[in-house]
Amino acid sequence: MSAPYVKFVSQKINKIRWRPSPNPSLEQSTVFATGSWDDEPGQLRVSVWELEPQSEAPPTGDVAEELKLLCDVQHPGDVTALQYLNNDIILTGSSNGTVTVYKHHHRSQTLSAMSSYQHLHGGAAKHHNSCTGVACRELEVATVGEDRTINVLHLEQKTPVRTFDKADSCTINSVAFLKQNELATTNSFGQLKIWDLRQVGSRPARMLLLTGERVPLHCLDKHPTQPHVIATGGQNGMLGVWDLRQEKYPATLLSAHSGDLWEVKFHPTRPDHLFTCSEDGSTWHWDSSAVKEALQAGDVNPWLCIDAAMQKVDISSVIPSNVMPANSLDVAGSTLLCGTDGETIHVMRNLPIK
């Protein structure tokens, strides 16, 4: 694993996402987007960057410049959610409740707003609730927010095609598509809820929860090949793995960070590897390969069987030098990105992904 490359960007990075590659198992993307937060109005940005081919270090031993800003655009409010729909369309959620669709023009290297859903997550005239998460599936988009509402959008229509009004009794913190007509959300009561878009009404199809004290679940990620397996991260720094086929409670609950766990990501093509980042500044690589080998069963998901394997997951710190809150991460191939409150982007190449 190479030493981290750190780029000072003069803005706190709240969200970071790789542009999708047409064939991620063969070709790794070199372009990614970031969204900033906690800055003066007019200074909040959505930016697109290119990670240039790794160059050899000069004789001084310093790392050569690798990261280039391709384009950026002012954003209305903190960037509270960010996702690529395809290789040139970016969706963002804002602290003012607005969802914006941007197009990256590759020839001119500019970003432009194609459309926006103004203050989608409501609120009083002088106080709009934040959009806390967006999820994409082809032209369908799901958004969630502090107003406890789920909106389902079709990007060819100007208004939501479905709204789960007051779908929850507290803030909904994250959302993901499990299937074409199925969503998963997490909330501030420590609940994981499954929503069937074909059902009438605003009740979830299923509800799963943490035992004991109600601890907010900030984030979730779906296993890339087994959509019944969900990973979540909580305010207490715990990593949870859920089996939607049978469990009402987490199948695995692992003590992790000393601060809020802000994001969790399965590796998109090697899901025995998982990554988390936290308020405590740490970014961790979780490797369950040894667990899978101990089980001697190729079709068993190791994240659901950690106790049975009688082994601990191999955990390593990816960016040990960082002390400022690590807000967001993404991984593709053998390269991880991380955005922090230290106004830095960290790039870790040559991760030990087997």
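**Notebook: side-chain contacts in a predicted model**

I looked up the pair Glu-52 and Lys-68, whose side chains meet in a salt bridge at 3.7 Å, N to O. The model is a predicted one. Glu-52 sits in the loop between β4 (45–51) and β5 (67–74), and Lys-68 in strand β5, so the bridge ties together parts 16 residues apart in sequence. Glu-52 has 26% relative accessibility and counts as partly exposed.

**Other salt bridges**

I then searched the whole structure and got 13 salt bridges. One of them joins Glu-263 to Arg-17, with the closest N and O atoms 3.0 Å apart. Glu-263 is in strand β24 and Arg-17 in strand β2, so this pair ties together parts that are 246 residues apart in sequence. Are these two residues buried or exposed? Glu-263 counts as buried at 4% relative accessibility, and Arg-17 counts as buried at 7%. I also noted that Lys-15 belongs with Arg-17 and Glu-263 in a network of salt bridges.

Next I looked at Arg-198, which forms a salt bridge with Asp-196; the closest N and O atoms are 3.0 Å apart. Here the partners fall into separate classes. Arg-198 counts as exposed, with 62% relative accessibility, whereas Asp-196 counts as buried, with 14%.

**Aromatic rings**

How many aromatic pairs does a search of the whole structure find? I got four. One of them is Trp-18 with Phe-32, an edge-to-face pair with 5.8 Å centre to centre and 75 degrees between the planes. Trp-18 lies in strand β2 (residues 12–18) and Phe-32 in strand β3 (residues 31–37), so the pair ties together parts 14 residues apart in sequence. Trp-18 counts as buried at 6% relative accessibility, and Phe-32 counts as buried at 0%.

I took Phe-266 and Trp-303 next, which form an edge-to-face pair with 6.4 Å centre to centre and 70 degrees between the planes. This pair links distant parts of the chain: Phe-266 is in strand β24, and Trp-303 is in the loop between α1 (289–295) and β27 (314–317), 37 residues apart. Phe-266 is buried, with a relative accessible area of 5%. Trp-303 counts as buried at 0% relative accessibility.

I also recorded a charge over a ring: the charged end of Arg-214 sits over the ring of Phe-189, 4.6 Å from its centre.

**Largest nonpolar core**

I went on to the largest nonpolar core, which has 19 residues. Which of its residues touch the most other members? They are Leu-239, Val-264, Leu-274, Trp-286 and Trp-303. The elements giving two or more residues to this core are β21 (229–234), β22 (239–243), β24 (261–266) and β26 (283–287). Strand β24 gives the most, with three residues.

**Gln-191**

Last, I looked up Gln-191, which is placed in strand β18 (residues 191–196). Gln-191 counts as buried, at 10% relative accessibility. The side chain of Gln-191 makes a polar contact with the side chain of Asn-187, at 2.7 Å. I then left aside neighbours within four places in sequence and listed what else Gln-191 is in contact with: Asp-168, Thr-185, Thr-186, Met-207, Leu-208, Leu-209 and Leu-217.

Technical notes
Residues are numbered from 1 along each chain as its sequence is written. This is a predicted model: local features need pLDDT of at least 70, side-chain atom pairs count only at pLDDT 80 or more; totals for chains, interfaces and linings use all residues. Side-chain values use heavy atoms; hydrogens and water are left out. A nonpolar core is a set of buried Ala, Val, Leu, Ile, Met, Phe, Trp, Tyr and Cys residues joined through side-chain atoms within 4.5 Å. Buried means under 20% relative accessible area, exposed over 50%, partly exposed in between (1.4 Å probe, protein chains only). Helices (H or I, at least four residues) and strands (E, at least two) are DSSP runs, numbered from the N terminus. Rings of Phe, Tyr and Trp (its six-membered ring) pair if their centres lie within 6.5 Å; planes under 30 degrees apart count as stacked, over 60 as edge-to-face and the rest as tilted. A charge sits over a ring if NZ of Lys or CZ of Arg is within 6 Å of the ring centre and within 35 degrees of the ring normal. A polar contact is a pair of N or O atoms within 3.5 Å; within protein, one must be able to donate a hydrogen and the other to accept it, and residues adjacent in sequence count only if both atoms are side-chain atoms. Contact means heavy atoms within 4.5 Å. A salt bridge is a side-chain nitrogen of Lys or Arg within 4 Å of a carboxyl oxygen of Asp or Glu.
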